[in-house]
Structure formats: C-alpha cells, structure tokens
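The sequence and the structure come before the discussion.

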Amino acid sequence: MEFNRQISNVEPSKSVTLLTKTKELQKIDPEILNLTGGEPDFPTPKAICDTVVAELAAGHTHYSDSRGDAQLRARIARKLQEENHAPFQPENILITPGAKYAVYLTIRALINPGDEAIWLTPGWVSYPSIVEASGGIPVAVHLKYEENYRITAEALEAAVSDKTKLLIINYPNNPTGQILTEADIQALTVFLRKHPNIYVLSDEIYEKIVYDQKQIISLASIPEFFDRVVIVNGFSKCSAMTGWRLGYLACNTAMYQVVLKLFQHSISCTSGFLQRGALTAMDCVEKTEQMRQAYEKRKNLLVKGIHEIPGVELLTPAGAFYAWVKFDTDMDSETLCNDLLDKAKIAGVPGIAYGEEDCVCIRFSFAASEDVLRTMLERLKTYQTTHNDL
Ligand code: PMP
C-alpha cells in the first residue's frame, strides 16, 4: 500500500519519542533523571478541576459550539486586547485540542503544495514536520548561538522566495528560552514591510513564563502587521494543563472561515466541559504566577550551577522552562545525549532535534523539582570532570 507520501516522508517527533522512551527506561532504572519533557511538573490548579467536575455533574457532556465556548472566546478576546494589545474579537478565536492543533490548522489553511514556510532554528520540531505533511516546504533560518540567537532581517531575506507564504516564530522560545528583543522586532519589521503577503504564525504558548521582570511583546500588537499575524496560545504550559488538550488561535476573519471549515470536518468541536475549566484557568492568575516563580528559582539554580561546571555554558533563559546547554565536546549532540544517559543517567533532548547544527547543545527541561535539578548538576559535574576529557 502506498500511503500518503507527504505524511510518510515526515520524521516522527523526536522529543515525543524520547519522552516516551525515557519514561520506559525510568521504569527499569528509577535513578534516571528525565529532563526531556515539555510538561509542567505541577498539578492542574484545583479550582480548574472543580469547575469541570461541576460541569460533568450538571450533565454538560454533549457537542458544543464548533468555534468554542462563547464565554471562553470572549474572555480570550479580552485578554488578547488588554494584555497583548492585539484587538481580536471573540469571532476571531477558535478553541482547539491543544496549541499543536492550532499550529496545524494555521499551516494547513495557508500552505498550498510547493509553498514555503520559514521557521527559525533552533526551533520546535513540529513546525517543519507539519509544513511537510501539508505539502509545503519548510525553509530554516539558522540563528546563531554566539549572537544569542538574535533575528536579522538579512537572514530572513536570504530565506525568502516568491513561494514564501508564512513565517513561524515562537517566543518565549522552545528550546532556547529567548524572548523577542527590540532588535528582533526591528528586524521583523524591516522584513515584513518588504513582504506584505507573508503571514506570521506567532506561537506564544510560554508567554506567562518569563524571568527577571522582562516584558514580552506580541507582533500582533503592531497595528501595521495585526491583520496577518495568527496568534497561537494554549493552556498546557502556563496553567499546567498538558493532558487537557486545550489551545486556541486568533486570526483575521477571512482566514478564520478557512480554518473553521477544516476544523468542523476534522474535530467538530473541542470538549465543552473541559473548556469551562479553561475559563476558570484564565482567572487563576495567582497560581500561574506561583508556578512562574518556582520556575524562576530553578532557572537561577541552573544558571549558577552550570556556570561552575567546566566545559558547559548555559544561555540564560528569559522565558519558558528549558535550559539550553552548550557543550565543549567532539561528540555530536545525539551521541552526547546517549552518553550522558548511559554514564550520568541524565536524559535531555539533543540540539539536532531542534535543527542546531553549528554547536553541540542539549535541551534540559527544568519542569522538575529543585532536588532533581541539584542531582542533575552534581552528576553533570562528575560527568564533565571524569568522562568528557576536561
Ligand atoms: N508550541 C510549542 C513551542 C511547544 O513547546 C508546545 C508543546 N511542547 C506546543 C506548541 C504544543 O502545546 P499543546 O500541548 O497545547 O499542544
């Protein structure tokens, strides 16, 4: 049987595969520290769960509005207007099963076979794969470690062609933890002005996890670009709701019609009673802030700890919950990851999974307890001083 070629050619998700594999290995050897996952280690706040229990008890278990719960969409529109200065209306918002599906819908709605989508590396593995599965061509712009992964208009320009339909950005970034700086915005502005037909997918799923009082900015807040920015966001990371599969997108009215058709024919609607939980989550500001503070403490612990280990460097994360650690080694990142698992029982994701080819980096998630992170630092120090020829 010849299966769909576009999908058959796509690589399986390296991070999802590694997470599953490490969980299996941990069953055999519980000493393994699993720092592969992009999953908060906090429980979903109780108020959110209580809402859903009440919804179930009230029997709200049927199909719901395809676009999403009206109150939830109104609340998200208010949030986007007030917090992100992006004047979307409830009619521009679609609730999806996870932010990943919002990314999928955006790409499917824009890409015709042969169209190109620019993505930035290091970057989240699913962007290029979804573009490929949609018949499009992902074009990587390799940002550089030694430039702190800053965006330049020249690098974007070198990747553009008359087939470019979409630019995908993700800040705070998975895996580097970088956020958009003034200079990045400037570069994007120069580029987007020059190419008025290119849409931007702005994946803002880590937006509430930001450190050192840094301010985040959404490209959709810039009036001249607003109409062609699609915001993707969700509840997985900032509200510790990965298993709920709830996300959303916000886009202009014309695109919304296209996205909604695909959604109605593939998903129908996202679970109505779960969306009521998401509505509660929108107002659990304190819980989100408590989790952010815990991540910030862990981030500080890692910044200090890694600084004391020879042969490794950490790019200070400004947001998200990943430590992007650069190793001074002759091994490639995949071999190094296996070696670290073997000798130090630390599991991370190799930089190559995010398209980093210039230097050897590993992504360690710090959605893990401080105790786990301290053990990780001790083991990494021992590994670096005994095994890595330093
Ligand atoms: N975007 C990025 C950058 C992510 O890291 C993730 C989760 N790993 C997602 C989207 C998907 O989130 P969700 O669980 O809501 O599908």
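Across which strands does helix α6 (residues 126-133) lie? In this predicted model, helix α6 lies across β3, β4 and β5, and runs at about 155° to β4.

These strands belong to an open sheet of seven strands with mixed pairing, in the order β2-β8-β7-β6-β5-β3-β4. The edge strands are β2 (93-96) and β4 (137-142), each of which pairs on one side only, and neighbouring strands of the sheet are turned by 20° against each other on average, with direction ignored. Helix α5 also packs on this sheet, where it touches β2, β3, β5, β6, β7 and β8, and its direction makes about 160° with that of β7.

A second open sheet has four strands in the order β9-β10-β13-β12, with antiparallel pairing. Here β9 (312-314) and β12 (349-350) stand at the edges with a single partner strand each, so one side of each is left without a neighbour in the sheet.

| Strand pair | Sense | Bridges |
|---|---|---|
| β6 (residues 199-203) and β7 (residues 229-234) | parallel | four bridges |
| β10 (residues 322-327) and β13 (residues 360-365) | antiparallel | six bridges |

Valine 200 stands opposite valine 229 in β7, while tyrosine 322 stands opposite serine 365 in β13.

The largest nonpolar core has 116 residues, and those with the most contacts inside it are Val230, Leu249, Val325 and Phe366. Its largest share, nine residues, comes from helix α5 (residues 99-110), and the core draws at least three residues from each of domain 1 (5-44 + 286-386) and domain 2 (46-284). Leaving aside neighbours within four places in sequence, valine 230 is in contact with residues including Thr106, Tyr199, Val200 and Leu249.

Conventions
Residues are numbered from 1 along each chain as its sequence is written. This is a predicted model: local features need pLDDT of at least 70, side-chain atom pairs count only at pLDDT 80 or more; totals for chains, interfaces and linings use all residues. A nonpolar core is a set of buried Ala, Val, Leu, Ile, Met, Phe, Trp, Tyr and Cys residues joined through C-beta atoms within 7 Å. A residue is buried if 20 or more other C-beta atoms lie within 10 Å of its own, exposed if 12 or fewer, and partly exposed in between; C-beta atoms are placed from the backbone. Helices (H or I, at least four residues) and strands (E, at least two) are DSSP runs, numbered from the N terminus. Domain bounds come from an automatic or database domain assignment. Two residues are in contact if their C-beta atoms, placed from the backbone, lie within 7 Å. Two strands pair if DSSP finds at least two bridges between them. Axes are lines fitted to C-alpha atoms, for helices over the stretch in contact, and angles run from 0 to 180 degrees between N-to-C directions.
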